Amino acid sequence: MEEYHRPCDEVGFNADEAHNIVKECIDGVLGGEDYNQDNINQWTASIVEQSLAHLVKLGKAYKYIVTCAVVQKSAYGFHTASSCFWDTTSDGTCTVRWENRTMNCIANVFAIAIVL
């Protein structure tokens with residue numbers, strides 16, 4: 001008996017669509033703000049919650065993981081890396097880099113296809 005897999009609306013993860021969604025969320029939360037240590041927890045929570053809500057509204061067959069880091073801009077820079085072991089034909093990731101004159105923000109979206 002052949003196994004049935006529900007097809008996604010499109011093959012693979014649309015990283016550009018996810019990038020635009022997350023960038024808009026970051027702009028909405030951090031746009032016009034200056035770095036303030038007291039606001040970091042609220043800002044990062046808002047960015048990940050809003051991003052997840054908008055990604056889920058797309059109605060695609062994916063589980064999403066969103067991470068976000070906000071750091072004060074400095075001469076030392078900010079580096080991050082990730083690695084995934086998954087099906088590259090259906091799963092995907094995107095990274096959104098955002099900055100203003102006082103801070104840097106890095107958000108990652110990991111999308112894992114739900115196969116039924």
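Which glycine follows α2, and is its phi positive or negative? Glycine 59 follows α2, and its phi is positive, near 70 degrees. Helices (H or I, at least four residues) and strands (E, at least two) are DSSP runs, numbered from the N terminus.

Before going further, please note the basis of the tour. The model is predicted: local features need pLDDT of at least 70, side-chain atom pairs count only at pLDDT 80 or more, and totals for chains, interfaces and linings use all residues. Residues are numbered from 1 along each chain as its sequence is written, and side-chain values use heavy atoms, with hydrogens and water left out.

**The whole chain**

Display the entire protein as a cartoon. Two helices and three strands make up its secondary structure, and from the N terminus on they run in the order α-α-β-β-β. Along the principal axes, the C-alpha atoms fill a box of roughly 60 × 25 × 20 Å. Of the 116 residues, 35% count as buried. Here buried means under 20% relative accessible area, exposed over 50%, and partly exposed in between, with a 1.4 Å probe and protein chains only.

**Helix α1**

Select residues 15-30, which form helix α1. Its 16 residues should span 22 Å at 1.5 Å a residue, and its end C-alpha atoms are 22 Å apart, which agrees. The expected span is 1.5 Å times one less than the number of residues.

Now colour Ala18, Ile21, Val22, Cys25, Ile26, Val29 and Leu30, the buried residues of α1. They cover an arc of only 140 degrees around the axis, which puts them on the same side of α1. The arc is that of the directions from the helix axis to the C-beta atoms. On the other side of α1, Asp16, Glu24 and Gly28 are exposed.

Against what do the buried residues of α1 pack? Show α2 (40-57), β1 (62-72), β2 (92-99) and β3 (103-113), for these are their packing partners.

At its start, a side-chain oxygen of asparagine 14 reaches to within 3.3 Å of the backbone nitrogen of aspartate 16. Just after α1, glycine 32 takes a positive phi of about 85 degrees.

**Helix α2**

Move on to α2, which has 18 residues. From its first C-alpha to its last, α2 reaches 26 Å, close to the 26 Å expected at 1.5 Å a residue. Colour its buried residues: Ile40, Trp43, Thr44, Ile47, Val48, Ser51 and Leu55. Seen down the axis of α2, these residues fall within an arc of 120 degrees, so they line one face of the helix. The face turned away from the buried side carries the exposed residues Asn41, Gln42, Glu49, Val56 and Lys57. What covers the buried residues of α2 includes α1, β1 and β3.

Within α2, select tryptophan 43. Its relative accessible area is 5%, so tryptophan 43 is buried. Not counting residues up to four places away in sequence, tryptophan 43 touches Val29, Leu30, Glu33, Asp34, Tyr35, Asn36 and Met103; a contact means heavy atoms within 4.5 Å.

**The aromatic cluster**

Which residues form one aromatic cluster? Select Phe13, Tyr62 and Tyr64 to display the cluster. Rings of Phe, Tyr and Trp (its six-membered ring) pair if their centres lie within 6.5 Å; planes under 30 degrees apart count as stacked, over 60 as edge-to-face and the rest as tilted. By this rule the count comes to three aromatic pairs. Tyrosine 62 and tyrosine 64 form a tilted pair, 6.1 Å centre to centre with 40 degrees between the planes. Both of these tyrosines are buried.

**Strands β2 and β3**

Finally, display β2 and β3, which form a hairpin with three residues between them. They pair in the antiparallel sense over eight bridges; two strands pair if DSSP finds at least two bridges between them. Glutamate 99 has asparagine 104 in β3 as its bridge partner. The covered face of β2 holds Gly92, Cys94, Val96 and Trp98, and the uncovered face holds Thr93, Thr95, Arg97 and Glu99.

End at asparagine 108, in strand β3. At 10% relative accessibility, asparagine 108 counts as buried. Asparagine 108 touches Ile65, Val66, Thr67, Cys94 and Thr95, not counting residues up to four places away in sequence.

Terms used. A polar contact is a pair of N or O atoms within 3.5 Å; within protein, one must be able to donate a hydrogen and the other to accept it, and residues adjacent in sequence count only if both atoms are side-chain atoms.
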